Amino acid sequence: MRAPGSAARLLGRDTELAALGEAVERAVSGRLSVVAVEGEAGIGKTSLLDAALDVARRRGLPVVTGRAEELERNRPFGVWVDALRLASTSADPRRAAIAALLAARPGSDGPITVSSDPGLQFQAVDAIVDLIEDLAHEGPLVIGLDDLQWADPAGLLTLTALVRRLTHVPVAVLSCRRPTPRGRQLQRALDYLDDAGAVTVRLARLPNRAVHDLVTEILAAPPGAELLAEVADAGGNPLFVTELLAALVGENAIRLRDGRAEVSAASLPPSLRLTILRHLSFLPDDTLAALQPASVLGTSFTVDDLATITERSVLALSGPLGPAMTAQVLVEAGDRLRFRHDLIHDAVYADIPQSVRIGLHREAGRRLARAGAPAGQVAEHLSRGALPGDNAAVDWLVRAAREVAARSPGAAAELLGRAVELADPTDRDRLLVEQAGSLSWAGDAVEAALSCRDVLARDPAPRIAGLARICLARSLIAQGRMSDALRELECLPPAGPLTAGELGAARGWASMARLSTGDLAGAAAAACEAVGTAGEPAAVSLARTCLAVVAELRGQPGRALEIVDEAVADADRSPGGVGHRYPVHVARGHILLELDRLPDARATLLTGRARSEDLGTRWALTSFEVFLAVERFLAGEWDDALAGVETGLALAEETGERYSLVLAHSVTALIALHRDDLRRATTASELALRELAASGPRFRSHWAPWVQAQLLEASGDDGRAVATLADAWDDCTRSGLAIEYPVLGPDLVRLTLAAGERERAEQVTEALCEVTRSHDAPSRTGAALRCQGLLAADPEPLLAAVAAYAGAARPLELALTAEDAAALLAARGDTDTACTLLQRAVTAFEGLHAARGVARTEATLRELGVRRGRRGPRARPRTGWDSLTPTERRVVALVAEGLSNPQIGERLYLSRRTVQTHVGHVFGKLGLSSRTELAAAAAREGRR
């Protein structure tokens with residue numbers, strides 16, 4: 001028989017190995033592929049993975065491997081640190097930079113709240129995914145990840161981000177996991193991977209033929225009937241078979257009979273654990289004595305840690321550990337030693353009496369603490385050795401949670417959950433509130449809210465109650481439930497147990513919530529209080545930004561810009577720029593849009609997006625992408641606007657932040673409507689209205705009924721269109737939302753005049769003119785002049801409105817107003833001027849690919865006796881090179897140069913996610929599936 005535990009040839013897994021091989025082939029062809037191997041412990045998952053990785057290596061493909069550890073489930077990004085060799089000493093500056101990022105531990109001295117900053121997690125996720133993409137650009141990359149059931153939440157988040165973003169990158173991700181345990185974070189990741197098309201290979205037990213071959217290979221002789229009968233108790237589990245045979249060989253219980261291996265005595269232990277222990281019993285006593293404390297450290301450990309907890313020198317341990325390595329009970333794994341298989345570790349660990357195990361963990365934790373070990377490692381052992389009421393274990397768990405919160409709020413929540421289980425009942429509510437803060441940042445806003453409500457139901461101490469209400473309110477805001485959040489914030493005492501900074505932050509959030517519900521006066525009052533009391537830079541930025549948005553909503557964009565510039569200056573002066581954790585540049589961007597300063601708006605939004613990415617303020621990225629899309633929409637770059645909206649929606653799925661989705665869906669609906677894609681327009685409009693109904697009003701949410709009214713008009717239901725738009729106008733009037741008057745006014749005047757409701761048209765026109773008198777941005781002036789011209793049936797104000805919209809660089813409004821003016825001029829007999837205006841309108845519509853407007857204006861021109869030849873941009877085909885937008889063509893050229901998505905983004909001032917959106921569109925339009933194919937196709941196209 002070969003040496004016990006040495007690897008045998010992989011048997012009975014041809015089909016499964018082929019599935020992993022297909023994943024590698026897919027990567028070689030330039031596409032992402034994900035395969036997960038699932039099966040019970042010992043069934044051969046790791047052997048299968050190793051075999052597939054060996055095949056990839058023999059083909060010359062780069063392979064990186066990582067393995068999650070049970071006792072390191074709260075080590076942020078642990079599996080990726082191992083796989084990518086992320087170390088501060090790395091010769092690769094990219095790896096060293098990520099290692100430095102993961103080593104940072106800001107905020108570990110204070111409690112975790114919803115105002116804490118988990119930004120390091122998102123920075124690390126982006127950096128790791130970017131590194132993998134760069135590696136894959138050097139050639140197809142194969143990633144092997146073992147024991148995913150132990151992976152930490154941040155590591156799982158990275159895996160889903162990789163799959164989400166690198167769809168057309170040559171990467172094969174091969175992973176292994178047990179069916180259990182399967183916590184919430186793992187289940188969430190698996191659900192996403194399944195939806196993304198990951199293949200799951202479930203390992204069944206080996207068939208009888210494979211078991212026969214395995215025994216033959218291990219013993220170098222075919223098994224006899226009696227031995228096969230005994231081996232059948234192993235149930236087709238390769239590890240059980242291997243260890244069982246090793247135990248029998250060690251006892252000299254196997255003999256050759258007529259060329260076949262037979263068992264000499266049927267005295268096999270009834271379980272795998274006992275089989276393994278029977279095998280290990282042949283090791284020296286001092287080796288067995290060393291293996292037990294080693295098992296307390298986990299499936300892998302450093303000899304230094306073993307020396308620490310046993311209070312023996314490394315030299316003294318080298319003798320006892322030697323036989324274990326010779327027998328391959330332990331194997332080397334980099335700078336660590338590892339039990340050859342988890343089940344071998346489990347057998348040794350379970351053989352220690354429970355009371356002794358508890359004591360060993362407690363002692364290990366104390367000795368590791370004295371040696372200066374990381375808080376997470378100390379906490380792991382102390383919590384395993386703790387009984388309820390163990391304050392030392394609780395303190396270490398809290399300390400560990402605060403250290404990892406910025407890098408992995410999910411891991412922090414798990415650590416705090418264990419602290420709650422051990423804490424004295426009088427201290428649990430405090431810990432539950434802190435855990436809720438981590439849950440909120442981890443994207444579990446619903447779970448955070450439920451936890452806070454449970455705490456409040458017990459009528460806790462006033463300070464705990466106040467912190468719970470603030471956390472609950474922030475969790476409700478994250479869900480878009482602004483009114484519910486306000487009710488909680490209104491219960492806070494004006495002074496007392498909460499600090500001024502905590503109250504200031506609460507008032508800042510209250511201001512934001514009131515903005516969303518249309519209470520501008522209340523929002524301004526709360527913001528002023530917050531500015532006066534908050535000491536935390538992000539809270540001050542939030543409050544001052546709310547004051548700026550109040551001014552903007554009231555139709556005072558000039559004043560709004562002055563205030564928001566103060567907020568930007570405050571944030572810039574804050575230590576490390578943390579004041580930008582509230583994305584003040586989002587507000588500055590949409591204020592500049594109101595002032596028709598579109599290039600400046602785009603620049604500030606790009607600056608703010610970069611700030612948020614640097615700080616890891618990921619939840620704000622959706623809003624940045626959506627408002628960048630709005631800027632493109634207003635400027636007439638509609639294809640880029642749609643790509644931006646798509647990127648924003650994808651980010652919302654990643655982050656759970658949904659604040660800007662009403663506006664996002666509304667922009668999609670508007671573009672689809674004008675491009676005469678009524679089905680898509682209706683779907684997007686319904687999504688906007690559904691989002692609005694689910695979470696209540698928010699910034700620019702009146703775009704949803706505005707789009708709905710236009711769709712109703714397009715379907716011929718003018719009566720409902722008027723009613724819908726009038727209701728939206730009245731709601732804005734009641735709330736003082738003058739910002740929406742230039743948006744809703746022209747269509748409402750046009751529709752009400754057609755319906756014979758002149759009085760309403762007069763009221764709308766007067767209100768819009770009043771707003772224009774307070775600030776005369778070109779587009780606002782154009783809206784007022786358009787309403788005046790429609791009301792008076794006078795083309796002169798309409799011609800002035802066309803000029804104003806041209807100054808605002810808003811081609812859609814220009815084209816629509818030119819149509820209005822042409823209709824009045826034609827009615828007066830001035831067909832030459834009317835035709836000139838219609839020609840201008842149709843040119844603008846063609847530039848937008850707005851088929852509905854093109855058809856309408858060309859029909860009017862024909863009525864006036866003008867027949868246009870085919871000129872200008874026509875309807876773009878759906879597939880082929882001619883279907884690509886200008887931005888998509890620029891992206892293709894840079895892909896052909898070999899640039900990665902982040903590099904392309906830097907060139908084109910796009911986010912890596914927007915580049916990914918464009919690349920995905922290109923692949924779909926050209927029928928390609930890899931960047932290699934795209935580069936080759938681009939080269940052929942260039943030679944045509």
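**Helix packing and an open sheet**

Trainee: At what angle do the axes of helix 12 and helix 14 cross, and within what distance do they come?

Mentor: The two axes (lines fitted to C-alpha atoms over the stretch in contact) cross at roughly 90° and come within 8 Å. The model is predicted, with local features needing pLDDT of at least 70 and side-chain atom pairs counted only at 80 or more, whereas totals for chains, interfaces and linings use all residues. Residues are numbered from 1 along each chain, and side-chain values use heavy atoms, without hydrogens and water.

Trainee: Why are helix 12 and helix 14 called roughly perpendicular?

Mentor: Angles between N-to-C directions run from 0 to 180 degrees, and those from 65 to 115 degrees count as roughly perpendicular. The crossing is at roughly 90°; helix 12 and helix 14 are therefore roughly perpendicular to each other.

Trainee: Which residues of helix 12 and helix 14 meet?

Mentor: Asp286, Thr287, Ala290 and Leu291 of helix 12 meet Pro320, Leu321, Pro323 and Ala324 of helix 14, contact being heavy atoms within 4.5 Å. By class, this contact has six nonpolar, one polar and one charged residues.

Trainee: How do you know that strand 8 and strand 10 pair?

Mentor: Pairing requires at least two DSSP bridges. Strand 8 and strand 10 (residues 336–339) have two bridges, in the antiparallel sense; in strand 10, Leu337 is the bridge partner of Phe301.

Trainee: What makes strand 8 and strand 9 edge strands?

Mentor: The order of this open, three-stranded antiparallel sheet is 8-10-9. Strand 8 (300–301) and strand 9 (330–333) each have a single partner strand, so one side of each lacks a neighbour in the sheet.

Note on methods: Helix = DSSP H or I, 4+ residues; strand = E, 2+ residues; numbered from the N terminus. Parallel < 35°, antiparallel > 145°, perpendicular 65-115°, else oblique. Nonpolar A, V, L, I, M, F, W, Y, C, P; charged D, E, K, R; others polar.
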